[in-house]
Amino acid sequence: MYETLKYEVRDNIAFVTVNRPKAMNALNSQVLDELYCVFYEICKDDSVLAVVLTGEGKAFVAGADIAEMSKLGTVEARTFAHKGHNVMNFIENLNKPVIAAVNGFALGGGCELSMACDIRLASAKAKFGQPEVGLGLIPGFGGNLRLPRLVGKGMAKYLIFSADMIDAQEAHRIGLVERVCEPEELMAEAEALAKKIAAKAPIAVSVAKDVINNGYDADMKTASAYEVNAFGISFASEDMKEGTSAFLEKRKAEFKNR
Ligand code: CO8
């Protein structure tokens, strides 16, 4: 069904693999369209409780497709950036947790794609960078916005202005990735984390994601009111009753995503 992605759902976990290895999984218009479609499919599928996003071959994603991009006029470039933003924002605000399993190069739009995910696990072989200024461009899929939020303004400027490529250990040290894994263990670790999250109350995870995302950029007073209301709403779920009852009855909770 998808030409540039592999997609599979196993044990309530969706696995999305960007599959253009000959072009280092570069994001052309088709990949962006298909990513939007697959995440829309995931958002509607109640059986999916967590997502793992990765790349085929030696790259996670080596950026926007430079060959396609180089032919764009000004208006089309703006439309292309808009399309990229729609995909990144959709993933960031998806009603389910998304783990990036960064298997290799995550450059430009690829680094931006990883930053739109909730949690980043990286292979020890992964490399990160925002090389755009070396191409006469600036990051255009949210890199100027998400990188400073993850690593601080100074470090983001250092990486974007220098276009330096950093390894997974350095990405971990500065807070760009949450964990570094041995390359051969990356997918198993990502799956294990996805399963751990999927075993929790799905509505609670989804609401926590929403409060973290919306609270992060709001002032404390607004964010506090948002959390209070969201906390109240979480009490409407059957899973809340199940989770608290299971604790009091000293048994394992069986969540139903209701
Ligand atoms: N776009 C298109 N093709 C690519 C890309 C890319 N981003 N990256 C790699 N490829 C292609 C190569 O052209 C090559 O194709 P071919 O075999 O036909 O010559 C193939 O993939 C293999 O690549 P290499 O031979 O270069 O492989 P290496 O292992 O030597 O190097 C690297 C791997 C380091 C990943 C190298 O390919 C590289 O530096 N790639 C480009 C990285 C980059 O600059 N990314 C940023 C792109 S700009 C961007 O992402 C902006 C996002 C916002 C856009 C806003 C819209 C307006």
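**Close-up 1. Leu 137 and its surface patch in the predicted model.** Leu 137 is found in the loop that runs between strand 8 (127-129) and helix 5 (143-151); helices (H or I, at least four residues) and strands (E, at least two) are DSSP runs, numbered from the N terminus. Together with Ile 66 and Leu 135, Leu 137 forms a nonpolar patch on the surface, and the accessible area of the three together is about 250 Å². Patches consist of residues with over 30% relative accessible area and no salt bridge, like charges being joined within 9 Å and nonpolar side chains (Val, Leu, Ile, Met, Phe, Trp, Tyr) within 5 Å. Accessible areas come from the Shrake-Rupley method with a 1.4 Å probe, and for residues only the protein chains shown count as cover. Leu 137 counts as partly exposed because its relative accessibility is 33%; buried means under 20% relative accessible area, exposed over 50%, and partly exposed in between (1.4 Å probe, protein chains only).

This is a predicted model, in which local features need pLDDT of at least 70 and side-chain atom pairs count only at pLDDT 80 or more, while totals for chains, interfaces and linings use all residues. Residues are numbered from 1 along each chain as its sequence is written, and side-chain values use heavy atoms, with hydrogens and water left out.

Close-up 2. The volume of the largest pocket is about 640 Å³. On a 1 Å grid over the protein atoms alone, a pocket is an open set of points with protein on both sides within 12 Å along at least five of seven lines, and lining residues have an atom within 4 Å of a point. Grid points are joined across faces, edges and corners, and the volume is the space filled by probe spheres set on the points. The lining comprises 22 residues, of which Glu 92, Cys 117, Asp 118, Ile 212 and Asn 213 lie nearest the centre of the pocket. Two or more lining residues are given by each of helix 4 (109-116), strand 7 (119-123), helix 5 and helix 9 (202-216). Helix 9 supplies the largest share, seven residues. Helix 4 is largely enclosed by the rest of the structure, because eight of its eight residues are buried.

**Close-up 3. Cysteines without disulfides.** With a disulfide taken as a pair of cysteine sulfur atoms within 2.5 Å, the count comes to zero. The sulfur of Cys 111 is 11 Å from the closest cysteine sulfur, in Cys 117, which is too far for a bond. For Cys 181, also in no disulfide, the nearest cysteine sulfur is that of Cys 117, 15 Å away. Cys 111 is buried, at 2% relative accessible area, and Cys 181 is buried at 3%.

Close-up 4. The whole structure holds 16 salt bridges, each a side-chain nitrogen of Lys or Arg within 4 Å of a carboxyl oxygen of Asp or Glu. Arg 10 pairs with Glu 191, their closest N and O atoms being 3.2 Å apart. Arg 10 lies in strand 1 and Glu 191 in helix 8 (residues 186-198), so this pair ties together parts 181 residues apart in sequence. Arg 10 is partly exposed at 33% relative accessibility, whereas Glu 191 is buried at 17%. A network of salt bridges links Glu 8, Arg 10, Asp 11, Glu 191 and Lys 195.

Note on methods: 1 Å grid on protein atoms, 1.4 Å probe; cavity = no way out; pocket = protein on both sides within 12 Å on 5 of 7 lines; lining within 4 Å.
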